[in-house]
Amino acid sequence: MKILALNGSVRQNGNTEILLKQALMGAETEGAEVEILRLTDYKIQPCRGCGLCLFRENVCQVQDDDVSFIFSKVDACDGMILGAPCYFLELTAVVKQLIDRCWILGHKIGKIKKPATVLIPYATRGWIPYVSVQSNVLLNVMGLTKINEATVCTQGISEVVLDEEAMDLAYGLGKEIAVAIRKKDFNYKGEAGICPSCHDRLLRILKDHETIECPTCGVRGKLSIFDGKINVRFEEKAWADSRFRPDVGYNHFTYHIAPSKDYFLRTKEERKMKTQKFKEYLTK
Amino acid sequence: MTKYFAKLRYYPGDPLEEIREKDLKSFAREYGVKISYEKIEKREMKDGLLMERTLDSHIEDISQEVITLSADQEDNFSNCIIALYKKYRCPRTPYSLLGSSEAGQKIAKKLMNVHGGW
C-alpha cells in the first residue's frame, strides 16, 4: 500500500510539511509505504492553453518540466494526502499551476478512484473561504476521492508542533486513509459541509435569485429559511449535473471542448485577418 | 426570411430538462414565433457510457438537440428566448448559436448573460 503526500508549500519543515509527515507517520503504523513530494522542488510550467493534449490525444506540448513525473507518482500510489497552506483566501499558486496542467487528465474516463485526504494550515480564522475549491478540483481531476479534510489554525514556521490536537488530527488522518485503502472504503468521513458531493460550504446565488449552486460541483439546489435557519436543499436529480461525474466530465470534453476544433478551423482566415493589428500593436 | 432567426444547439447534458416538442409548440403559440426541433443522436454505449468521437466532426453533425426559432418582431423573439433559457438554460459553447442570423444571434447571445441560467 503506497501513500503519497503532495506538499504545496515552499517552506521546508514548515507547518504543511510537518502535518503531512505526521500523517504519513500515522499511515505507516497501518502498514503503508510512504513518500512525500514538495511541489515547489519540481518544475511545473504553466499550461499553454494550446489544447493539443485534447486535439492530439494525450500529448502535452510542455515536455521540459516535471509534471509527467508528478502524475506518474500519483498513478503509482494507492492513496494521497494533499497539503497546502492558505496564505490568501485560497491555496498556494503551485496547486493551481498543477490543476491547470491536469487538462491532459480531464478527458480520460474510467479513472481508478483512490482515496485522498487534505491538510490545510492557515493563520487567521475566516480567511480561508476558497481552500476547498482547489483541493476538490485537483483531487477530482486526478481521479481521487476525498475521504476527509482538515484545516488547522497555526501561523509561524513549525509552530504547529505546539498544537497537540492538530498533530493528533494529522496522525489520525494518516491512519484513516491507510485503513480506507485496506478496507476499500472510500466514503467521506469528515464534516458533512453543505454540498453533499464536495462537502464545501460555498454557495453561488444564480441570477434568477431562486437557485443556488455549488460552484465547485455545479450542482443546483434551493434555499429556504425555516425557524430562522438557512436550509439548503439539493434535489436528487440535480446530481446528474455534478461536473465530477464521469458522464458529465466526458460530455464536457466531448461536446464543449473537442468540437471547437471545427470552429477554430472554419474561422482561420477571418481570425488571421482580424488579429493582425494586435500582433503589430505594442511590439517592437 | 424572417428578421430574427436563431439556432440554439444543446449538447448532451446541457438542457436542464428534457426538451419536448409539445412544450416548444406551446412556446411558439404563446410568443408568436416559429419553432422547430431537431435531434441528432450519434452516441453509442461503450464501457457504460454513451460515447461519441467528436474531435474531427462538424459542429452541426455531432449529437445535439437544435431548437430553431424565428420571428419578425424583436419582442416576441426575445421573450421566447428568455422563456427557453428559463426552462432549459441557455446553450453553453461559443459555437452553440452557429447557423443563426446576425440579428438573431446578437439577441440570443446578449440574453445569455442575464437569463442564461447562471
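Helices, of at least four residues, and strands, of at least two, are DSSP runs that are numbered from the N terminus. The structure described here is a predicted model, with an ipTM of 0.94 and a pTM of 0.92. The points below take up each chain in turn and then the contact between the two.

**Chain A: overall form**

- The radius of gyration of chain A is 21 Å, close to the 19 Å that the globule rule gives for 284 residues, and chain A is therefore as compact as a globular protein of that length.
- Taken along the principal axes, the box filled by the C-alpha atoms of chain A is roughly 65 × 55 × 40 Å.
- Of the 284 residues in chain A, 37% are buried.
- When the contacts in chain A with a separation of 6 or more are considered, 69% of them are between residues 24 or more positions apart.

**Chain A: a four-stranded sheet**

- Four strands of chain A make up an open sheet in the order 8-9-10-11, and their pairing is antiparallel.
- At the edges of this sheet stand strand 8 (204-205) and strand 11 (229-233) of chain A, each of which pairs on one side only.
- Strand 10 of chain A, residues 220-226, runs antiparallel to strand 11 of chain A and is joined to it by five bridges.
- A:Lys222 has A:Arg233, in strand 11 of chain A, as its bridge partner.

**Chain B: overall form**

- Read from the N terminus, the elements of chain B follow the order β-α-β-β-β-β-α-α.
- Chain B has a radius of gyration of 14 Å, close to the 13 Å that the globule rule gives for 118 residues, so chain B is as compact as a globular protein of that length.
- The C-alpha trace of chain B spans about 45 × 30 × 25 Å along its principal axes.
- Buried residues account for 34% of the 118 residues in chain B.
- Among the contacts in chain B between residues at least 6 apart in sequence, 79% link residues at least 24 apart.
- The average pLDDT of chain B is 95, and 99% of its residues score at least 70.

- Strands of a sheet pair through backbone hydrogen bonds, in either a parallel or an antiparallel manner.
- In chain B, three strands form an open sheet with the order 1-5-2, and the pairing is antiparallel.
- The edge strands of this sheet are strand 1 (4-10) and strand 2 (34-40) of chain B, each pairing on one side only.
- On average, neighbouring strands of this sheet are turned by 15° against each other, direction ignored.
- Strand 1 of chain B and strand 5 of chain B (residues 64-71) run antiparallel and are joined by seven bridges.
- B:Lys7 stands opposite B:Thr68, a residue of strand 5 of chain B.
- Helix 2 of chain B, residues 74-88, lies across strand 1 and strand 5 of chain B, and runs at about 10° to strand 1 of chain B.

**The contact between the chains**

- Chain B brings 18 residues to the contact, and chain A brings 19 residues.
- On the side of chain B that touches chain A, nine residues are nonpolar, six are polar and three are charged.

Key:
Residues are numbered from 1 along each chain as its sequence is written. Chains are lettered from A and ligands numbered from 1 in the order in which they are written. This is a predicted model: local features need pLDDT of at least 70, side-chain atom pairs count only at pLDDT 80 or more; totals for chains, interfaces and linings use all residues. The radius of gyration is taken over C-alpha atoms; the globule rule is 2.2 Å times the number of residues to the power 0.38. A residue is buried if 20 or more other C-beta atoms lie within 10 Å of its own, exposed if 12 or fewer, and partly exposed in between; C-beta atoms are placed from the backbone. Two residues are in contact if their C-beta atoms, placed from the backbone, lie within 7 Å. Two strands pair if DSSP finds at least two bridges between them. Axes are lines fitted to C-alpha atoms, for helices over the stretch in contact, and angles run from 0 to 180 degrees between N-to-C directions. Ala, Val, Leu, Ile, Met, Phe, Trp, Tyr, Cys and Pro count as nonpolar, Asp, Glu, Lys and Arg as charged, and the others, Gly among them, as polar. pLDDT is the predictor's confidence in each residue, from 0 to 100.
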